[in-house]
Structure formats: structure tokens, C-alpha cells
Amino acid sequence: MNEEKLWCLKEDGYHAELHKYYEGLFTQGNGYMHVRGSFEEGCSDAPQDEEYLRFPDNVTLEKPRHPKSKQGTFIPGIVGRHPLLKEEIINLPFYLGLEFRSGGESLDMDRCRISSYKRWLDLRDGSLHRSFIWETAAGMRLYCKYDRYISMADSHLCIQRVQIEVLSSEGSLEIKPTLRADVRTNGMSHFARITPAAEPEGSLSLDILTEEGNQIFMLSTLEVSEAVTWQGEHTAIMASLRAECPLKSGDRLTVRKLTAVTTDRDIEEGTVRDRGLLHLDQARDLGWEELYHRHAAKWKSKWQDADIRIQGDDAAQVNVRASLYHLIRSNAERDDRVAICAKGYAGEAYFGRYFWDTEINLLPFFLHTNPQAARNLLLFRYHTLEGARCNARNYGYRGARYAWESSLSGEEQCANWQYADHEIHITADVVYALYHYMNATGDDEFLEHYAIDILVETARYWCDRVDWNPEGYGELLGVMGPDEYLPFTRNNAFTNRMVKFSLEQTALCLSKLLHSKPEGYAAVAERLDIRPDERELFRHTAEKLRLPYDSRTEIVPQSDDFAQYADVEFDTLWTDRSRPFGHFISQERNYRSKALKQADVLELMLLFPQEFTREQMKAAYAYYEPITTHDSSLSAAVHGIVASWLGEKEEAAKFLQRVMAIDLSVEKKGAAEGIHIANCGGLWQLIVYGFAGMTSAMWSEDLHLEPRLPAGWEELSFPIVWRGDRYRATVRPDAYEVTKLDRRKSDASQTI
Ligand code: BGC
């Protein structure tokens, strides 16, 4: 395979039924804004302004709307309120609009005579390309080539280019750039005011005020290689221009659209309009080439820090890069007011909300490739502590309780009581992640200034949430673990261990602070109003919190009551394994059965590997894997890692395929509703923790590998940041090496 193929996701030929899948998969973005891979001209029979009321449901099993196409333009932080579903990220106006018409016929992939269609996303620079031949009803043959990218260098800019070559005949071509607000978010419009306007010299703008009071300004300017005269054609919900251009055989025409998007939420000062104009002016001053050069250089440096190279498995190579691309794209590098939502800002399905996915699935990738980004993700939890306090109060507890589905402010948004009320492990997952960050980076200041507030407040919540049994042991009752197919269990092994850890660390770090930095402790004690007996309460609760297993337990039970749930005859019930198991069983029956949605005990073993013997891991894998449905996309990677640790190479390879298929399989079309971003982070973990066998920085001072490469992999190589230093790990079937990278060199290459 040539190098380019290892960097490109391709769509060969247009198939209407795959259009929505590619819209998700080809999402472009730069952390600040994200746009799904929709066609510039839209898609016939796929109106974007359908009004409907989406109801709270189980997103995993819900039947999505919009079978053919759903445009999506998202700016993390711009949210609205849905009457039933609470806070949701707003699908903003579609600013890529660029329509063509010739001889009364509008260009449309479904309705026109199209041949030689190709589309590809180049992962190296996040640019999307499309080419085809359009044979118009009037007999013109036009070769059309589209290119677009969202700048990684100036995050407010999107750059589009269309090149048209007349292969035969002649006629007139109408060009119509648009900015369209006929977009709905889960069937709702969140726009309170829409102001389309013509701007001087072939420019157009759309000024939006959302119901929540955010202002979004979109400003596009057009450049055409032939002289054209633009006419404004606005409607109440759309800014648009129109120009005609006569063409004859052999003519070439280039149309460029440059768009700046600004909002009142941006960190920069000045009105949205002034800043929009400034971004466009700066871009024009730089010129197209320099604009692209800066963008590409940014992507290049990001890839230098993150790329995983695999020799001997080209399919895995391109799949892994696709996941890394979406991870890099989803991260808002300079904004700690947002984290990464469950669909990687590539779809509406999970409302743009923040789950445990961030702390447990995504964080390790950022910790080891971009620690500053990891810090920002955790600062998001610090900034939302007030929301977590409010959640605790709402449930009648002291302290702070992180939301299962977090809004921007940290308040619970999950509209389904089971998860909102009972999936409490998220609060301990946040603390685990704080420790993971501090252990991996040695950023001790973080503890005193930020983490300690979270530790103390969440510990207070846990002390209230624990019930005490007659033997004097603490229990967590009415708990849903990561396995969401059992909503109300007693002492979930994963949750209890995480909570115990969280309380232990809180007590420990308060003691350490008290002895090593009494004045620091005094400040913290005053800020958080720590009572003299609280440290002891945290320690005691940690010590007495029941774990439903001990070191001699052969099969670690998922919960105290797990054995009492009903066995499931999977073969009789689950007749089509290509569909989720949840479709074949009622929720009522599922909730009393031993059918797991996702890894639970195995997830526990992944996070605390040193606490389990190999025999326990083996027994857990053998017992739980056959009853795990993997209906959640967070499951396969965990199984792959544990299989790899157990030396089960074939099983691990099978799970690698599963992980890669979640977004990339054309049959499954998993990316249609957005990217399963936790699974992308899971793939990184499968490779680094699983195949390279890197010991988690949570538990090891030193960078240590124990590789077990899948069959056929000749070499695996990846960069890794370990306690502030950059390394490259290179693994071959019979040997591996870790080389320290020259800091100055790698830093220099980042500042192009
Ligand atoms: C999974 C959760 C996950 C959520 C968002 C659900 O289907 O069960 O573990 O946090 O999706 O990705």
C-alpha cells in the first residue's frame, strides 16, 4: 500500500444509504468547531428543518431519525434547552453551502447523472475532497473537484474550494453560496433571531441569537476565478448570493469560499462582527497557500506527538489513524470550559454531554500525547464542581456528586432516572482520573490548587451515600455499575473499589498536606471548611467499605447479588448477532438477567491490574465474556486489553477488529450518529496498554512495556510522554526499544 492510502479514509462511488454514515465519519474540526461531512449542496429528500419532539430513551437502542442525511455544525459550549431532554448542544447553521445549477438543473448527487464519484478524508491535514463528473440534462460534462478544511491554525476559519472543468459542450453555470439556518437540533430550533445579510464584495453573513442568549456570527467571502456579479437572495432563514457564469468546453473555473465563525463565548475580546472581519482580513493577507501551510503544519505537529505506526497490518494502520484523527480534532486545546462529548462533536445523539468516557477512556491518550489537553479536561471537572455540589444537594447529600451526563455547568442532564440516579461511579471516576493525571505528570501543584477541592467534596458525598450494615461495614446499595443492564444492584465491585480508592486517597493526601505543608493545609481547610474529624471519617469509611470479593475469590462477582439474577439463553433469544442484544429482550426482562451490556469486572481489572492474580483475570474473562453483549461501544477495547494480557492473541485480535468496526464498518454504519469517541480512546489503550503492554502511569514510576503483538504485526511504534519527557517506543515481535526524544528538537518542530 502506498503511504497516501495509509492516511486516507475513502468513499468509492456514491451510495445514498451510506451518506449519513460518511457524514459522521468525515466530520472535520479543530476543537473550536466541528462540521459533519455533508455535501456543500445538501442532499435531496433530506430536509434539515423537520420539527419533532425527541423523547428520553435508551440512546443505544433508540431508532435514529433522518435516515439519509443530518447536517451538523457544533461549537462546544453553545447549548440550548430541550423541553424533555434538558441541555443539548445546538446544531448551528450550515455554513458550507455552495450550490450549482446549470440549464435549470441543480447539482444533486441523487438526481443528476454523476460518474467517477470519489470522496476521501485526508487524515494528515483533516481535509475533505470530492471529485466526480456531472453530465447535465442539457449535455454539458463538468469535472468537479471539491476541497475543504477547517483551519487548525486559525480555529475560526473554514476554507472551501471548488474547481470545475468543462469537459464538453457549453452553457451557463449558476453559483449559489449559502449560510442556512434551516437546521434543527433533535427536531427543535434554538434560534431566537436570525439575521441574514449581504456584505460588500461578494460576501454574506448570518447573525444568530440563540434562545439562551448566545450570539453566533458567520461571515463568508467568495472568490471566483472569472469576473461575476453577485446578487443577494436572502430569505428569513438563509443568507445567499447568486451569480451566473457562462462556460465553454475546456474552461476551468475556481470558486473559493472562506468563512469565519465567531461567538460571544470566544475567549477573545471585541464584537463577534469585528472579530469575524478581522479573521477574514488576516486570512486574505496571508493568501491561500500560507493559510493552508500554517494549517497543515499544525496538523503535522499534532501527528508527531500522537501517530501510531503499524507495519504489517495496513487496515489496522488506517483505522487507528482515523481514531487518532477524531481524538485530536475533538479536543478544544485552549478551552477548559468544555470537555469532549460522547459523540466527539460529530452528531446529536448524546446531546453533546460529558460522561465518564472522558476520564476513563479518553484521558490516557491525552495524558501521554498532550498532557496540557489532559489537564484542561480535568480542569473542566474543577470548573463544574459547583454543579456537582448542586447535584448532591438535589439528591439530599452533602458534598459533590458528578453528573452521569454533565451539562456545561456540571448539573445532571440525564433524562433517564436509572442512569442519573444509580450510575454513581462517575463521581469516583473523576477522582481516579485526577490521580492518573498527577501520577503521570508529577504536577503536584494541581492537587493543592484544584484536585483537593474535588477530593474533599466528593468524599463528603460518599460518606453520606454509604449505608452501614449491622456488622459495621459500609455498603453502596441501589447501584448501577458500568454494566447498564443491571440498574439496581448491591455493592457493585467496580463502583465500590473506585469509591474506596477515592476515599483512601482523599484521607491520605489531606494527611500528607498537613504534614508536609501545614500552611497549604490550613488554606485548604479554611476554603473547604474541613472539620477536624472529617479526615478520619474519610479514612474509616474507606477502610470499612465492603468489596464483594477478596484476594482469594476465584470469580470476582460483579455485585453482591449478581449470582441471583436469571441466566439467559442467548442462542435462543439473540437470533441476529449483528444487532444489539437489547433489541431482542424487553428492558424489564433484561434488568433481571445475567446479560451484561459492557465490561464491568474486567474494567475494574484494567484500572487496578496489580490487585488481581492472573488466575482471577483468566476466570473473570472466561466467565463474563460469554454473557457480555458488548451493546456498549466501551466494551470491546477493555476485553481486547485483558485478552492480550492473558496471552489470548486470537481473542485480542478479534476484539481489535470489533473495536475498529464500531465506527469504520460500512455494514454497521456506526459513525452515522457521531463518532464513538470513547472507543477511539479505547483503541489507543488497546494498542498501548494491550499490545505494547505499557504499565499504566497510575501504578508505575517507570515506563515499562511487556509487548504481545498481534500475529502479522512486524513493528509497532508510537510516541509517548512519560513524566514530562518524550519517548518513542518501538516494538517488534522479538524485541522492543524505548528512545528518549530530544526535547528541544520535538518542541522546535511544534512551533512552525
Ligand atoms: C454506555 C456508557 C457510556 C455512554 C456514552 C452508553 O451506551 O453504556 O458507558 O458512557 O454510552 O458513551
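These exercises work through the domains, annotated spans and salt bridges of a predicted model.

**Exercise 1. Find how the protein is divided and how far apart the domain centres lie.**

Step 1. Take the bounds. Domain 1 runs over 4-304, and domain 2 over 402-568.

Step 2. Take the centres over C-alpha atoms. They are separated by 45 Å.

**Exercise 2. Describe the interface between domain 1 and domain 2.**

Step 1. Count the residues in contact, using heavy atoms within 4.5 Å. Domain 1 brings 12 residues and domain 2 brings 9.

Step 2. Get the area. The size of an interface is often expressed as accessible area lost when the parts come together. Here the two domains bury about 730 Å² between them. Carbon and sulfur atoms give 47% of that area.

Step 3. Find the main contributors in domain 1. Asn 58, Lys 86 and Glu 87 lose the most area to domain 2. Together they make up 51% of what the domain 1 side buries.

Step 4. Look for specific pairs. Salt bridges between the domains number 0. Polar contacts join 3 residue pairs, with both residues at pLDDT 80 or more.

Step 5. Strands β5 (79-82) and β6 (86-89) each supply at least two of its residues.

Step 6. Sort that side by residue class.

**Exercise 3. Determine the helix and strand content of each span annotated in the unreviewed UniProt entry.**

Step 1. Go on to residues 322-685. The UniProt annotation reads "Glycoside hydrolase family 65 central catalytic". The span is 54% helix and 2% strand. Its end C-alpha atoms lie 15 Å apart.

**Exercise 4. Count the salt bridges, then locate the one between Asp 464 and Arg 398.**

Step 1. Side chains of opposite charge can pair when their charged atoms come close.

Step 2. Apply the cut-off: a Lys or Arg side-chain nitrogen within 4 Å of an Asp or Glu carboxyl oxygen. The count is 64 salt bridges.

Step 3. Check the pair. The N to O distance between Asp 464 and Arg 398 is 3.5 Å.

Step 4. Asp 464 sits in helix α10 (residues 445-465). Arg 398 is in the loop between α7 (385-394) and α8 (417-422). The two are 66 residues apart, and the pair links distant parts of the chain.

Key:
Residues numbered from 1 in each chain as written. Predicted model: local features only at pLDDT ≥ 70, side-chain atom pairs only at ≥ 80, totals over all residues. Heavy atoms only, no water. Domains from an automatic or database assignment. Buried area = accessible area lost by both parts, 1.4 Å probe. Polar contact = N/O pair within 3.5 Å; in protein donor to acceptor, adjacent residues only side chain to side chain. Helix = DSSP H or I, 4+ residues; strand = E, 2+ residues; numbered from the N terminus. UniProt positions renumbered as here; feature names shortened; annotations may be inferred.
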